[in-house]
2 protein chains.
Amino acid sequence: MINKLVENIKKTEAPIVVGLDPMLSYIPSFIKEKAYAELGETLEGAAEAIWQYNKGIVDAVYDLIPAVKPQVAMYEQFGIPGLMAFKKTVDYCKEKGLVVIGDIKRGDIGSTSAAYATGHIGKVTIGNNTYAPFDEDFITVNPYLGSDGINPFLDVCRSENKGMFILVKTSNPSSGEFQDRLIDGRPLYEYVAEKVAEWGSTAMGDSYSYVGAVVGATYPEMGKLLRKLMPNNYILVPGYGAQGGKGKDLCGFFNEDGLGAIVNSSRGIIAAYKQDEYTSYGEAGYADASRAAVIAMKEDLKQAL
Amino acid sequence: MINKLVENIKKTEAPIVVGLDPMLSYIPSFIKEKAYAELGETLEGAAEAIWQYNKGIVDAVYDLIPAVKPQVAMYEQFGIPGLMAFKKTVDYCKEKGLVVIGDIKRGDIGSTSAAYATGHIGKVTIGNNTYAPFDEDFITVNPYLGSDGINPFLDVCRSENKGMFILVKTSNPSSGEFQDRLIDGRPLYEYVAEKVAEWGSTAMGDSYSYVGAVVGATYPEMGKLLRKLMPNNYILVPGYGAQGGKGKDLCGFFNEDGLGAIVNSSRGIIAAYKQDEYTSYGEAGYADASRAAVIAMKEDLKQAL
């Protein structure tokens with residue numbers, strides 16, 4: 001799947017992933033009103049609104065981008081109906097040829113990680129039948145439990161040609177509380193990065209590993225260093241736009257061939273119509289505003305790289 | 001909710017939580033056959049088998065124990081139908097008066113942690129209505145992202161009187177890879193424990209905090225030290241039984257009043273009928289075997305403490 005991601009990035013010339021992280025407050029009133037009229041002000045109504053909102057955005061931008069990253073928490077907050085909207089979104093994006101990165105940040109002891117891997121990127125056997133329950137292409141994984149929490153994900157990546165991005169240095173302000181702690185003079189995140197490189201070396205695609213890393217756009221200097229520690233691992237870079245990262249800060253995350261990193265923007269794309277520069281689109285034009293925001297982001301990155 | 005947990009522990013005289021972590025291989029054939037006959041060898045059939053299996057165990061042990069801990073990964077691996085079985089299990093256990101600890105190990109940047117908190121221990125507002133989507137009493141949380149990933153959970157714990165257990169030192173063999181790294185001569189997990197004590201001090205119940213910690217039974221010496229670093233925080237102790245921990249190893253996790261820790265056993269209870277000492281119960285008596293295993297665990301802990 002890393003090969004498909006690289007191929008999609010080359011084809012679109014856009015190292016961009018759109019974060020499909022819907023909040024009810026982002027969704028235009030006309031979509032919510034229609035969904036609530038059909039299904040009530042219920043979890044089902046909210047899930048339907050999310051799905052219609054996502055579909056509008058995906059239809060407007062799918063030809064411009066290589067991948068999407070739905071954040072499962074934004075669906076999980078609406079319970080079972082929300083997770084059904086997550087699954088519909090995953091399936092629809094794959095139909096459109098997009099690589100789907102499930103931003104699930106799971107991670108547990110061995111047998112439990114195995115169950116998460118099965119559910120999200122693997123297959124489960126029931127009697128004589130086999131199912132791929134959520135069937136994302138990539139997922140994000142938390143490393144706090146160490147190798148035996150990571151290995152089951154690695155096994156499934158290899159057997160199913162799927163991928164994962166492991167949290168190394170996250171984009172939030174207090175990420176340093178534990179991740180930056182110095183161990184023999186080097187921060188914890190460097191040790192995690194070295195493990196990512198090691199784990200990744202056992203699951204290589206054509207030029208990059210099935211195993212990538214998450215490194216926040218908000219820490220460009222660290223990005224440069226981590227790029228060197230993980231030469232064959234794709235870096236998923238959250239924090240562009242709304243969280244403060246800009247294109248020119250991101251050069252260090254990329255390799256010289258312009259590959260090796262994929263930059264996520266969520267609110268900046270999906271709720272573009274709420275920003276000053278795109279208000280002219282109005283609620284009705286929310287998806288076109290998202291398209292305009294993708295084009296602007298693509299241009300910003302192209303100029304920077 | 002910490003007050004209810006303490007009260008339940010005192011009432012049952014059992015600092016025990018039963019891990020409802022169903023694997024298809026644990027479930028007696030007669031349950032699977034019935035479920036598959038009704039719903040096919042499908043995700044729905046597997047979910048029905050899990051639910052019936054859980055119900056049998058809960059009915060057999062609920063009067064002996066204060067709490068259960070369903071591990072969501074074991075349900076998530078069966079997709080949406082699996083998560084519906086998770087929700088049914090949560091609701092049923094609460095009806096039976098049990099405290100439900102959702103073992104979800106979520107954790108992300110602020111706005112995303114807020115969505116997880118809403119979905120699992122909080123309430124979501126849709127138009128004029130409010131829903132509690134999964135509505136567990138406690139959840140487990142991963143600390144890797146630091147304070148701003150924890151605070152949204154803390155806010156919901158306070159507003160909803162719910163609770164959480166934060167991973168400090170996990171029970172798996174490679175937990176030391178990152179958690180034991182020395183920072184100025186002290187392991188990372190001690191720094192996490194100090195933060196747990198600090199976070200917890202802002203959300204106190206009558207005698208213990210709404211915020212607890214996860215510390216594996218497999219590390220008894222660390223348990224003693226961590227008990228002192230977190231005097232007002234309940235410790236959830238996984239790894240008893242199948243993972244190697246025994247009652248006598250666990251004294252250090254408890255305070256002198258016999259409170260302060262709750263020990264989890266999953267496979268050792270729910271699949272007791274597959275163990276040598278309980279084979280006489282047979283598949284048909286799987287739930288009674290679970291009851292016998294709870295009584296034996298209770299006795300083991302009583303002798304040890």
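**Close-up views of a predicted model**

**Figure 1. Helix 2 and helix 3 of chain B.** The axes of helix 2 (residues 29–39) of chain B and helix 3 of chain B cross at roughly 140° and come within 8 Å. This is a predicted model. Angles over 145 degrees would count as roughly antiparallel; helix 2 of chain B and helix 3 of chain B are therefore oblique to each other. Their crossing is right-handed. Helix 2 of chain B contributes Ile31(B), Lys32(B), Ala35(B), Tyr36(B), Glu38(B) and Leu39(B), which meet Glu44(B), Gly45(B), Ala46(B), Glu48(B), Ala49(B), Gln52(B) and Tyr53(B) in helix 3 of chain B. Sorted by class, this contact has seven nonpolar, two polar and four charged residues.

**Figure 2. Helix 3 and helix 5 of chain B.** Helix 3 (residues 43–61) of chain B also packs with helix 5 (residues 79–95) of chain B, their axes coming within 8 Å and crossing at roughly 20°. The two helices are therefore roughly parallel to each other, and the crossing is right-handed. On helix 3 of chain B the contact is made by Leu43(B), Glu44(B), Ala47(B), Glu48(B), Ile50(B), Trp51(B), Asn54(B), Lys55(B), Val58(B) and Asp59(B). On helix 5 of chain B it is made by Pro81(B), Gly82(B), Ala85(B), Lys88(B), Thr89(B), Tyr92(B) and Cys93(B). The classes here are nine nonpolar, three polar and five charged residues.

**Figure 3. Helix 6 of chain A and its surroundings.** Eight of the 11 residues of helix 6 (residues 110–120) of chain A are buried, so this helix is largely enclosed by the rest of the structure. The buried residues are Thr112(A), Ser113(A), Ala115(A), Tyr116(A), Ala117(A), Thr118(A), Gly119(A) and His120(A). Within chain A they pack against strand 3 (99–106), strand 4 (124–126), strand 6 (138–141) and helix 7 (147–160). From chain B, helix 4 (73–76) and strand 3 (99–106) also pack against them.

Figure 4. Phe138(A) sits in strand 6 of chain A and is buried, with a relative accessible area of 1%. Beyond its neighbours within four places in sequence, its contacts include Met1(A), Ile2(A), Leu5(A), Ile121(A), Met164(A), Phe165(A) and Tyr210(A). Phe138(A) and Phe165(A) are 27 residues apart along the chain, and their C-alpha atoms are separated by 7.3 Å. Met164(A) is also among the residues with the most contacts inside the largest nonpolar core, together with Val168(A), Met164(B) and Val168(B). That core has 234 residues. Val168(A) is in contact with Tyr144(B) of the other chain, as well as with residues of chain A including Gln179(A), Tyr189(A), Val192(A), Val196(A), Leu226(A) and Met230(A).

Figure 5. Leu305(A) lies in the segment after helix 12 (286–304) of chain A and is partly exposed, with a relative accessible area of 47%. Not counting residues up to four places away in sequence, Leu305(A) touches Pro15(A), Cys251(A) and Phe254(A). Tyr281(B) is in the loop between helix 11 (267–270) and helix 12 (286–304) of chain B. Its relative accessibility of 33% counts as partly exposed. With residues up to four places away in sequence left out, Tyr281(B) touches Asp288(B), Ala289(B) and Ala292(B). The C-alpha atoms of Tyr281(B) and Val6(B), 275 residues apart along the chain, are separated by 32 Å.

Notes: Residues are numbered from 1 along each chain as its sequence is written. Chains are lettered from A and ligands numbered from 1 in the order in which they are written. This is a predicted model: local features need pLDDT of at least 70, side-chain atom pairs count only at pLDDT 80 or more; totals for chains, interfaces and linings use all residues. Side-chain values use heavy atoms; hydrogens and water are left out. Helices (H or I, at least four residues) and strands (E, at least two) are DSSP runs, numbered from the N terminus. Buried means under 20% relative accessible area, exposed over 50%, partly exposed in between (1.4 Å probe, protein chains only). Contact means heavy atoms within 4.5 Å. Axes are lines fitted to C-alpha atoms, for helices over the stretch in contact, and angles run from 0 to 180 degrees between N-to-C directions. Angles under 35 degrees count as roughly parallel, over 145 as roughly antiparallel, 65 to 115 as roughly perpendicular and the rest as oblique. A crossing is left-handed if the near helix is turned anticlockwise from the far one by less than a right angle, and right-handed if clockwise. Ala, Val, Leu, Ile, Met, Phe, Trp, Tyr, Cys and Pro count as nonpolar, Asp, Glu, Lys and Arg as charged, and the others, Gly among them, as polar. A nonpolar core is a set of buried Ala, Val, Leu, Ile, Met, Phe, Trp, Tyr and Cys residues joined through side-chain atoms within 4.5 Å.
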